[in-house]
Amino acid sequence: MGKRRKQRKAAVDRDVISSLPDEILCHILSFLPTRTSMATSVLSRRWRYLWEKVQVLDLNDDFLYTHDRSDEEAEECFINFLEKVVSGFNPLRKVRLSCRADDYGYRRLFEWIGSVSEGVRELYFSTRTTNRMTYTLHFEYIYSTSLVSLVLDGNINIIFDDVNLDGKLFLPSLKNLELHIDYLNLDVFLSGCPALETLRVTLIKFTTREADFDLEAIHMPRTLKSLTFEERYHYSEVVTLKRLQLDTPSLEYLHLELRCDYKRILVCDYTNIKKACLDIWPKRRNVAWVPKLLGALCKTKFLWLKVSTIQCLIRAPVLNLPDFCNLIQLQLDFYGFNSTLLIDLLRNCPKLQTLKIYTSEFIDDHLRKSYRNSHKRNDWTQPLSVPNCIVSHLNTVEYRGYQDTPEEHEFTAYILQKGLVLKTMRIHAKYDNLDLKRRRYMALSEIQRGSSMCRLEVH
């Protein structure tokens with residue numbers, strides 16, 4: 001037994017990991033922040049210079065901002081540290097930077113990004129300022145034939161300086177693009193990304209001018225499989241876009257948050273669509289084309305319509321809903337519950353399994369004004385026939401923000417009575433006191449249920 005214990009102890013004491021090849025150790029270190037990777041140099045002679053062979057740079061400047069150092073000194077230290085560290089690295093494959101910078105620091109950081117971008121496959125750059133100043137990144141700094149993934153986050157304007165690109169593909173290998181920035185000419189930028197598959201864009205404004213303006217068009221790349229497009233311009237701007245082209249036949253995921261007034265939208269048949277979320281402001285022109293977009297998305301499996309989009313449907317002069325033949329989950333966000341629209345949607349979702357309803361009292365002031373201008377009082381009307389999904393597929397209903405209005409109560413009772421395969425009716429409501437909660441729960445629990453499996457939950 002004594003010999004076996006010694007053998008086990010010798011196995012534990014043996015440094016197995018240090019005997020691995022450099023390639024494997026560098027791969028392990030590539031998942032660590034660079035400062036942590038550098039710290040392994042003190043472990044032994046074997047590890048002393050190993051971190052310099054790692055082809056991943058992951059730096060955050062938080063460690064430099066201390067009580068005994070000014071912000072300017074911390075920024076200078078970070079940029080000097082960055083330039084010094086990189087000088088000893090092998091050619092970089094992945095760069096991840098998160099830092100703060102003033103006007104001078106921005107220029108040095110952008111110049112550094114330009115110097116290393118060629119050869120880098122993944123670039124993540126997040127920067128923060130305390131004064132909300134916006135800084136300019138010239139497109140030359142991100143010109144790269146090797147970049148596959150690019151993420152930019154911060155107070156950044158990407159400027160092309162009237163350069164004649166003449167169809168130049170300045171990011172020909174890029175497949176993933178995420179931009180959470182202030183401004184860029186998105187159409188020009190996307191024209192240089194012919195292989196793009198995933199696009200996530202959040203724009204604070206479409207222009208650097210403080211005035212109302214029109215834009216020609218935005219053409220989304222045909223190669224896209226996932227698109228998240230959010231524009232959040234200021235309400236003082238009156239923004240009109242002549243055309244949004246979503247001719248992306250391979251699209252599987254779509255998330256739109258649009259506040260501009262879009263004159264025209266071009267869509268295609270999205271045969272591969274799996275999930276769609278629409279938050280489209282009820283501007284006059286938008287109201288006209290939202291039903292057309294829904295028709296193109298009719299093959300989606302998951303659909304989320306937010307308050308603004310619901311308003312577009314309510315205000316549409318003619319609403320011909322498509323048949324959502326593959327839809328299994330539908331989420332609807334209401335400001336004011338509308339059972340008529342809801343029943344119409346259910347009629348066109350024959351395979352729906354999960355219905356989520358959210359009624360909110362807190363919405364944007366401009367959207368609330370739009371709602372009041374178009375709102376008509378709704379009363380529950382018993383449908384002439386039961387939507388097919390209610391009797392054959394609908395098994396879960398979740399209602400958040402339930403206020404127990406007569407219309408809400410009648411709709412809930414209708415689902416409980418007609419839902420032959422319903423398993424869960426989950427209601428989240430705000431109650432002033434426990435007695436009110438008890439009385440409302442008793443009123444709902446007394447409703448005869450069409451499914452013996454149905455469980456009623458009131459939260």
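Reader: How do the axes of helix α9 and helix α12 lie relative to each other?
Author: In this predicted model, the axes of α9 (residues 339-347) and α12 (residues 406-418) come within 11 Å and cross at roughly 25°.

Reader: Are they roughly parallel or roughly perpendicular, then?
Author: Angles under 35 degrees count as roughly parallel, and α9 and α12 are therefore described as roughly parallel to each other.

Reader: Which residues make the contact?
Author: On the α9 side they are Ser339, Thr340, Leu342, Ile343 and Leu346. Helix α12 contributes Glu407, Phe411 and Tyr414.

Reader: And how many of those are nonpolar, polar or charged?
Author: The contact of α9 with α12 comprises five nonpolar residues, two polar ones and one charged one.

Reader: Changing topic: why is strand β16 described as largely enclosed?
Author: Strand β16 covers residues 275-280, and five of its six residues are buried, so the rest of the structure largely encloses this strand.

Reader: Which strand pairs with β16 over six bridges?
Author: That is strand β13 (residues 253-258), and the pairing is in the parallel sense. As one example, Leu256 has Leu278 of β16 as its bridge partner.

Reader: What about β17, how many bridges join β16 to that strand?
Author: Four bridges join β16 to β17 (residues 302-305), and these two strands run parallel. Within this pairing, Ala276 stands opposite Leu303 of β17.

Reader: Which helix makes a β-α-β unit with β16 and β17?
Author: Helix α7 (residues 284-296) does, and the unit that it makes with β16 and β17 is right-handed.

Terms used: Residues are numbered from 1 along each chain as its sequence is written. This is a predicted model: local features need pLDDT of at least 70, side-chain atom pairs count only at pLDDT 80 or more; totals for chains, interfaces and linings use all residues. Side-chain values use heavy atoms; hydrogens and water are left out. Buried means under 20% relative accessible area, exposed over 50%, partly exposed in between (1.4 Å probe, protein chains only). Two strands pair if DSSP finds at least two bridges between them. A crossover is right-handed if, with the strands pointing away from the viewer, the path from the first strand over the helix to the second runs clockwise. Axes are lines fitted to C-alpha atoms, for helices over the stretch in contact, and angles run from 0 to 180 degrees between N-to-C directions. Angles under 35 degrees count as roughly parallel, over 145 as roughly antiparallel, 65 to 115 as roughly perpendicular and the rest as oblique. Contact means heavy atoms within 4.5 Å. Ala, Val, Leu, Ile, Met, Phe, Trp, Tyr, Cys and Pro count as nonpolar, Asp, Glu, Lys and Arg as charged, and the others, Gly among them, as polar.
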